[in-house]
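Me: I am new to this structure and would like to go through parts of it in questions and answers. Please show it to me before we start.

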Amino acid sequence: MIDLRSDTVTSPTDEMREAMSSALVGDDGYGEDPTVRELEERFARRVGKESAIFVPSGTMANQIAIRVLTKPGDVVVAGARQHVVIYEEGAAARNSSLQFRTLNDHRGTLSLEDIQRSLETANHHQPEISAVFVENTHMPSGGRVWQPGELATLKEAIGDRPLHVDGARLFNAEVATGIPAAEIVAPATTVMCCLSKGLCAPVGSLLAGPESLTGQMRVERKRLGGSMRQAGVVAAPGIIGLTSMVERLAEDHQRAHRIAEAVAQRWPEVAEEVLTQPTNLVVFKHLQADGLLEYLSAQGIIAGTISPGIVRLVTHREIDDDATDRVAAVIKGAP
Ligand SMILES: Cc1ncc(COP(=O)(O)O)c(C=O)c1O
């Protein structure tokens, strides 16, 4: 089967498996795992932040960001379709008594006008906005990226309020724009990134930010049950993800574009949408999404939906040129 459901389906590479078996480990609960430390330090440097913590999942990284940047009852502005808003089982409310003020994120970014309007509502008997959370790349819009300068302008508009970047696929944004990750997230207070998506590590995400928040991040990780012990075994493949798997994301982007071209040819009404999706996600509206998924499955291709009638096809390391050609041909012949 050709599995296009997600880039999370990637398996660790042989090099990663070897690194796992030879990783130096210690008890990370005591801060004594040298491999975890190396991963955290490398990531912090890579994204230009003072320090970082290794956590089991991207969801936990977002949830820790909420807990260190807000207090119960606070309001956070975010895009209506962001992961932290709709794909984390209501964790922000359940764990942290947080509410979101959601803005239109149809094209992946938030408009400055919408942000400014939200900030002004405090003058009209509504709660103050405490922080802004954005997603880059933005999954539901087909992996769209924040363009150079847009995050800096947003940060300027929100003043001292913290800005968190859900960068589950931050390195896809780096590769798509050619701008180093550190530059992309320079205006952000905190940034998270997943190792277990296109970077192919089996598990783990990182949350980076200022040194002043790291101690509290570790406390919140513990509270959420994410403090690990000899975690070097799973941090080791993460180091390889960061050092050897970023550049190859360009291949995923090229293959996604070839699939997008087939989609555009078959369903011209979504051509503009899919042909402008710049990374490894092809997301489009289809009136008979379930029927399309069944048709693809009968042809040996597994795809998914992210909401009713919205199909998602994701390229990753295990989708090579032959698989891409096959997918394109099957899509062109779709009923
Ligand atoms: C944009 C975004 N943020 C956060 C996450 C959460 O990552 P995890 O599945 O590791 O919890 C995902 C996962 O798909 C994601 O796509």
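**A sheet, a strand and a ligand shell**

Reply: In this predicted model, three strands form an open sheet: 3 strands pair in antiparallel fashion, in the order β9-β12-β11.

Me: Which strands stand at the edges of this sheet, and why is one side of each left without a neighbour?
Reply: The order of the open sheet is β9-β12-β11. The strands at its edges each have a single partner strand, so one side of each is left without a neighbour in the sheet. These edge strands are β9 (281–285) and β11 (304–307).

Me: How many residues of strand β8 are buried?
Reply: On one side of β8, S205, L207 and G209 are buried, and on the other L206 and A208 are buried. For strand β8 (residues 205–209), the buried count is 5 of 5.

Me: Which residue in β8 does V55 stand opposite?
Reply: Strand β2 (residues 51–55) runs antiparallel to β8, and 5 bridges join them. V55 stands opposite S205.

Me: Which helix gives the largest share of the shell around the ligand?
Reply: The residues around the ligand include S57, G58, T59, N62 and S205. By class, the shell has 3 nonpolar, 7 polar and 2 charged residues. The largest share, 3 residues, comes from the helix at residues 58–69, α3.

Technical notes: Residues are numbered from 1 along each chain as its sequence is written. This is a predicted model: local features need pLDDT of at least 70, side-chain atom pairs count only at pLDDT 80 or more; totals for chains, interfaces and linings use all residues. Two strands pair if DSSP finds at least two bridges between them. Helices (H or I, at least four residues) and strands (E, at least two) are DSSP runs, numbered from the N terminus. A residue is near a molecule or strand if its C-beta atom, placed from the backbone, lies within 6 Å of it. Ala, Val, Leu, Ile, Met, Phe, Trp, Tyr, Cys and Pro count as nonpolar, Asp, Glu, Lys and Arg as charged, and the others, Gly among them, as polar. A residue is buried if 20 or more other C-beta atoms lie within 10 Å of its own, exposed if 12 or fewer, and partly exposed in between; C-beta atoms are placed from the backbone.
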